[in-house]
Amino acid sequence: MKTPTQDWRALVTVFGRIGLMSFGGPAAQIALMHRELVETRDWLTEAQFLRALSFCMLLPGPEAMQLATYAGWKKGGITGGLIGGGLFVLPGALVIAALALAYGAYGGLPVVQALFLGIKATVVVIVFEALIKISRRALIRRAHLAIAACAFVALFALALPFPLVIGLAALTGALMIHTHDTAMPTPPIDWTNSIRVICIGGFIWFAPFIAIAMSGDDFLMDVGAFFSKLAVVSFGGAYAVLAYMTQEVVLSYGWLTTAQMMDALGLAETTPGPLILVTQFVGMIAGMGAGGISVALWAGALTLWVTFVPCFIWIFAGAPLIDWLDGRPRLRGALAAVTAAVVGVIANLSLWFALHVFFAQVDLVTWGPVTTIWPDPGTAQADAIGLAGLAATMLLIRQWPLHVVLPCTALVSLALGGVTGAF
């Protein structure tokens, strides 16, 4: 019989390995966890794994990290959940912190920019691939296709706020359920524990703001408030909120430039852990601009806190309710519509990102009620377009792993720019 110490050691060993190996986005991360938790060990059955995955996909935040939290919770309660989710995030967070500090010091060097052009061209292909995969899963009805199209138009052409688009999609989905979609009988639920978790977790989530308010630091208060809001609207993963986040941090707050935001996404793609760690990079670069390295470290830590503490709250409060949620047709309809809207959101991001990578100048134009971006055809960058074609060949046709493709395109980009010229 295993002792409690052996159980905790096993949790740390398994989830530490998962955290270190979690490259390649949520699909690869979920496959890795299935192999470790279902096939290699009997920590979860196949049915438990699939139900938990479906539940995590309905929550705001990174589904792979939440799945790791659920698996840890199932094995070792709240402590196990903290170990599972925490170790899934920690390796990538440490790497992102080091990269953000290095980028703040050396990101303006020509050689660094030459390398980043290859990375950004690859990210265009990665986002497009994510769009294809999510479309296949989400657009199961014609109505869902219409919702996705409307979400794209609302964001790309009408510049409507992202939370409003997601809210309207959820309302539409809740109202359009079919008459045969009736509620299924579910066992009675004890809400006491979930309410207790939400209250205690909400206080823990909010606690840093008390210290910040006492210190009078307006910058950190803005960082914490913005990324807290982002954490509760990030349905569909990081790709779904990147365009919204870029609009806010570049245009509303002025923390980063558009080029820096694209570099942030490229760096986040190269590290283990959830892609939403891009928020930590953004917070640290903004902090470096506001007050140097010490402010960057505080801003990065605060961003991590407000981004991931809610993920633990959703799982600890909601995991016991999985069967109950599945028996509510209007809720299922609302969440299915949100997933469909995410397709339109990612389509908007794909086009936005591609235009900014392939053209040196992209302008904001307005025609009546339409406000959108438009590239200057004379500023097309042939090398970026060619690098994206190379990345598409390696990723989509040859199906090379991402951790091989990214350094290849970065080095080809450096060679195209000329090593001497880059330095």
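Visitor: Patches are made of residues with over 30% relative accessible area and no salt bridge, and nonpolar side chains are joined within 5 Å. Which residues make the nonpolar surface patch here?

Guide: Quick heads-up before I answer: this is a predicted model. The patch is built from Ile200, Phe203, Ile204, Phe206, Ile210, Met214 and Trp305, and its area is about 760 Å².

Visitor: Which helix gives the most to that patch?

Guide: That's helix H8, residues 192-215, with six residues in the patch. Phenylalanine 206 sits in H8.

Visitor: Is phenylalanine 206 buried, partly exposed or exposed?

Guide: Partly exposed, because its relative accessible area is 48% and the exposed label needs over 50%.

Visitor: OK, let's go inside. Which residues touch the most other members of the largest nonpolar core?

Guide: Phe15, Met33, Phe227, Met245, Trp255 and Val282 do, in a core of 138 residues. As background, nonpolar side chains tend to be buried together in soluble globular proteins.

Visitor: Take phenylalanine 15. What does that one touch?

Guide: If you skip residues up to four places away in sequence, phenylalanine 15 touches Leu37, Trp43, Ala68, Ala71, Gly72, Ile83, Gly84 and Leu87.

Visitor: And threonine 279, where is that?

Guide: Threonine 279 is in helix H12, which covers residues 278-291. It counts as buried because its relative accessibility is 2%. Leaving out neighbours within four places in sequence, threonine 279 is in contact with Phe227, Leu230, Met245, Thr303 and Thr307. Two of those names, Phe227 and Met245, also turned up in my core answer.

Visitor: Switching to charges. How many salt bridges are there?

Guide: A search of the whole structure turns up three. In general, side chains of opposite charge can pair when their charged atoms come close.

Visitor: What about lysine 120, who's its partner?

Guide: Aspartate 263, with the closest N and O atoms 3.3 Å apart. Lysine 120 is in helix H5 (residues 110-138) and aspartate 263 is in helix H11 (residues 258-269), so this pair ties together parts that are 143 residues apart in sequence. Lysine 120 is buried at 9% relative accessibility, and aspartate 263 is buried with a relative accessible area of 1%.

Visitor: Which residues do shared partners join into one network?

Guide: Arg17, Glu36 and Arg41 are joined that way.

Visitor: New topic: how long is helix H15?

Guide: H15 runs over residues 329-358, so 30 residues, and spans 44 Å from its first C-alpha to its last. That's close to the 44 Å expected at 1.5 Å a residue.

Visitor: How many of its residues are buried?

Guide: 23 of the 30, so H15 is mostly covered.

Visitor: I also clicked on glutamate 63. Where does it sit, and what does it touch?

Guide: Glutamate 63 is in helix H4, residues 63-106. It counts as buried because its relative accessibility is 13%, while the cut-off is under 20%. Apart from residues up to four places away in sequence, glutamate 63 touches Pro26, Ile30, Cys56 and Met57.

Visitor: Last one: what's phi doing at glutamine 399?

Guide: Phi there is near 60 degrees, a positive value in a residue other than glycine. Most residues other than glycine have a negative phi. Glutamine 399 is in the loop between helix H16 (382-397) and helix H17 (402-417), and it counts as exposed, with a relative accessible area of 63%.

Conventions
Residues numbered from 1 in each chain as written. Predicted model: local features only at pLDDT ≥ 70, side-chain atom pairs only at ≥ 80, totals over all residues. Heavy atoms only, no water. Core = buried A, V, L, I, M, F, W, Y, C linked by side-chain atoms within 4.5 Å. Buried < 20%, exposed > 50% of the residue type's maximum accessible area, 1.4 Å probe, protein only. Contact = heavy atoms within 4.5 Å. Salt bridge = Lys/Arg side-chain N within 4 Å of Asp/Glu carboxyl O. Helix = DSSP H or I, 4+ residues; strand = E, 2+ residues; numbered from the N terminus. Patch = residues over 30% accessible without salt bridge, like charges linked within 9 Å, V, L, I, M, F, W, Y side chains within 5 Å. Areas by Shrake-Rupley, 256 points an atom, 1.4 Å probe, with all protein chains shown as cover. Expected span 1.5 Å × (residues − 1).
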